[in-house]
There are 2 protein chains.
Amino acid sequence: MKDKKNSVEVCYSPALYPYYRNDDAIVVISDILRATTAICAAFENGVKNLIPVSGLDEAMALKKKGYLVAAERDGLVLDFADFGNSPFNFHPEQVKDQTIVYSTTNGTQAIMMAAEARHVAVGAFINLTALAQWLITRRCDVLVLCAGWRNRYNLEDSVFAGALAEALIRSGRFFTDCDAAVAAIELWEIARYDLTGYMEKAAHRHRLKKLGLDDIMQYCHTPDSTTVIPVLKGNLLVEHKDY
Amino acid sequence: MKDKKNSVEVCYSPALYPYYRNDDAIVVISDILRATTAICAAFENGVKNLIPVSGLDEAMALKKKGYLVAAERDGLVLDFADFGNSPFNFHPEQVKDQTIVYSTTNGTQAIMMAAEARHVAVGAFINLTALAQWLITRRCDVLVLCAGWRNRYNLEDSVFAGALAEALIRSGRFFTDCDAAVAAIELWEIARYDLTGYMEKAAHRHRLKKLGLDDIMQYCHTPDSTTVIPVLKGNLLVEHKDY
C-alpha cells in the first residue's frame, strides 16, 4: 500500500466543483491573472497572513478595523484601499509581518468553496516547483481548481493546472484518469517553452491590456521565483510552515 | 455589415451553459460517444425523426404508444426496447421513415437545455464537414455545447468542438475570443491525424471497453461518413431539410 499512487484531477470552473469534489484531496487554487500569483508574491515579500475576501463591503469593514487592504476595481486602487491587486504592490518595507486583506472575486470564491477539503493551497507559476515538491510528500490526492473568469474556462489557469499535473505524474507518485487533466497537460506541453508568448492567445490577457494592467504578464508566467506555499487555515491564508 | 464575422464559442459542460448561453446562436451538441454519433447514423439510415428522452420511464411510456425505442443501460438492451444505443443498431430495413425514441442521459440533457436557442443541431465527427458548411451559410453565432460525462469535461466531445471551431474560423466567416475554443482547437490539431489512436487517452473510451461497447471507436472518430444534419424542431429531431 505504501506505493499506491494518488490521483490528480483538474476542475476548470468553480461551477463544476460539485462534480469533482473530493474532501480527502488537497485542493490547489489556480487564478494566475492575478489573485494566486499576487498572494504568492505577498508571502514572498514577508506578509504574515492574508484574508481573502470577495466583496468590497467586507474589505471596507476590515479596513475600518485597522487592516491593510489591497483592492481595486477596473484597474483603479479604491479610495479606502492601501494597495491595488497587482503582485507588484507588496513591497517588503510596507508589508513585512503584516496581515493584508486581499479583495478578489473569482479567486476568493474558489478558495472558500474548497474550505472543506483536506487542505487548500495557493498555486501559481511563480511557486510551481516548490508546490509540486510539497504535494509529492503529502501522499494524498490532488485536485486543481481553476478560478476561471466568471465561471467560464480560461487558458492561463488551465495551463498552470497542466504544469502542476505533469510535474506530479512525472514524480511517479501520481496518476490521472481525468480527461481535464489530460487536456491541461497537452496545453502545458505546447505552451511551456514560451509561456508569456503563448498567453497572447488568452482572452484575459487582452482584458488586462485594455486596462493597462498587463505589465505583470512576464512575472506571472515565469516559473519558480518563490518557494512560498500559502495554505488556508480557517479563513486566513498562511505560509504552510506556519500552519 | 455584410462581412461582419460571427463568433464561435465552446462550452465544456451542461453545468456551464448559463455562462455561455447565447439565444441568437446556433447551438451544436457534441456527445461523440455515443449519442450524437448514433443520432446522425440513424438519420443516415433513413429514420424520419427521432424523439430524444432522458428517462427510461418516458421511453417505456412512448413504447406503449407504439414507438420504436432505442434504450440500454450498462450495455444491455432493455427488455422493452427494440434497439440498443449504438450507432450500429439502425439498419435501413428496420428504421426507414420511422420515428425512433432514443434514450440517453448526457446527450438529451444538453439538447433540451439549449431549446431556446435559434437552432439546435447535432454534431459528430461523422457529419463534421457537412455541418460546418451549413453553419458557414447561416450567418449567425455558433456555440458548441459538449455533453460531457455527468457534467465533467471529456476529451472526445472537446476535440470535436475544436474540429468544428477550426473549420469555421478557417472559412474566414468566424472568429473566437473564447479560451475554451482556443484550447479545443489545440487538442484537435494534436489529435486530428490519428483520432481513434488519440482517444485511447479518453476516460470514457475505457468505460466503454469494460462494457464491451468499444467496437464503435473507429466509426465514431472517422470524419464525414454522412452529410445529414439533425436539428431540433419542438421536441423532435429532424433532418434540417425537413425543418
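Predicted model: local features only at pLDDT ≥ 70, side-chain atom pairs only at ≥ 80, totals over all residues.

Me: What makes the two copies related as by a two-fold rotation axis?

Reply: Chain B is superposed on chain A by a rotation of 180° with 0.0 Å of shift along its axis, and the RMSD is 0.0 Å. The two copies are thus related as by a two-fold rotation axis.

Me: How do you know that the copies meet through the same surface?

Reply: Of the interface residues of chain B, 100% are also interface residues in chain A, so the copies use the same surface to meet.

Me: How many residues does the contact take from each chain?

Reply: The contact takes 24 residues from chain A and 24 residues from chain B. On the side of chain B that touches chain A, helix 6 (155–170) and helix 7 of chain B are the elements that give two or more residues. Helix 7 of chain B supplies the largest share of that side, 7 residues. By type, the side of chain B that touches chain A divides into 14 nonpolar, 4 polar and 6 charged residues.

Me: Why are helix 7 of chain A and helix 7 of chain B called roughly perpendicular?

Reply: The axes of helix 7 (residues 179–191) of chain A and helix 7 (residues 179–191) of chain B cross at roughly 85° and come within 10 Å. Angles of 65 to 115 degrees count as roughly perpendicular. Helix 7 of chain A and helix 7 of chain B are therefore roughly perpendicular to each other.

Me: Which residues meet where helix 7 of chain A and helix 7 of chain B are in contact?

Reply: From helix 7 of chain A come A:A183, A:E186, A:L187 and A:I190, and they meet B:A183, B:E186, B:L187 and B:I190 in helix 7 of chain B. The residues of this contact divide into 6 nonpolar, no polar and 2 charged.

Me: What makes strand 9 of chain A largely enclosed by the rest of the structure?

Reply: A residue is buried if 20 or more other C-beta atoms lie within 10 Å of its own. In strand 9 of chain A, 5 of the 5 residues are buried, so the strand is largely enclosed by the rest of the structure. Both faces are covered: A:V142, A:V144 and A:C146 are buried on one side, and A:L143 and A:L145 on the other.

Me: Which strands are joined to strand 9 of chain A by bridges?

Reply: Strand 1 (residues 6–11) of chain A is joined to strand 9 of chain A by 4 bridges, and the two run parallel. Here A:E9 stands opposite A:L143. Strand 2 of chain A also runs parallel to strand 9 of chain A, with 5 bridges joining them. In this case A:S30 stands opposite A:C146.

Me: What is phi at A:D97 and at A:R150?

Reply: Phi of A:D97 is near 65°, a positive value in a residue other than glycine. A:D97 sits in the loop between helix 3 (92–95) and strand 7 (99–103) of chain A. Phi of A:R150, also a residue other than glycine, is positive too, near 50°.

Key: Residues numbered from 1 in each chain as written. Chains lettered and ligands numbered in written order. Axes fitted to C-alpha atoms, helices over the stretch in contact; angles between N-to-C directions. Parallel < 35°, antiparallel > 145°, perpendicular 65-115°, else oblique. Contact = placed C-beta atoms within 7 Å. Nonpolar A, V, L, I, M, F, W, Y, C, P; charged D, E, K, R; others polar. Least-squares fit on C-alpha atoms with pLDDT ≥ 70 in both. Buried ≥ 20, exposed ≤ 12 C-beta atoms within 10 Å, placed from the backbone. Pairing = 2+ DSSP bridges.
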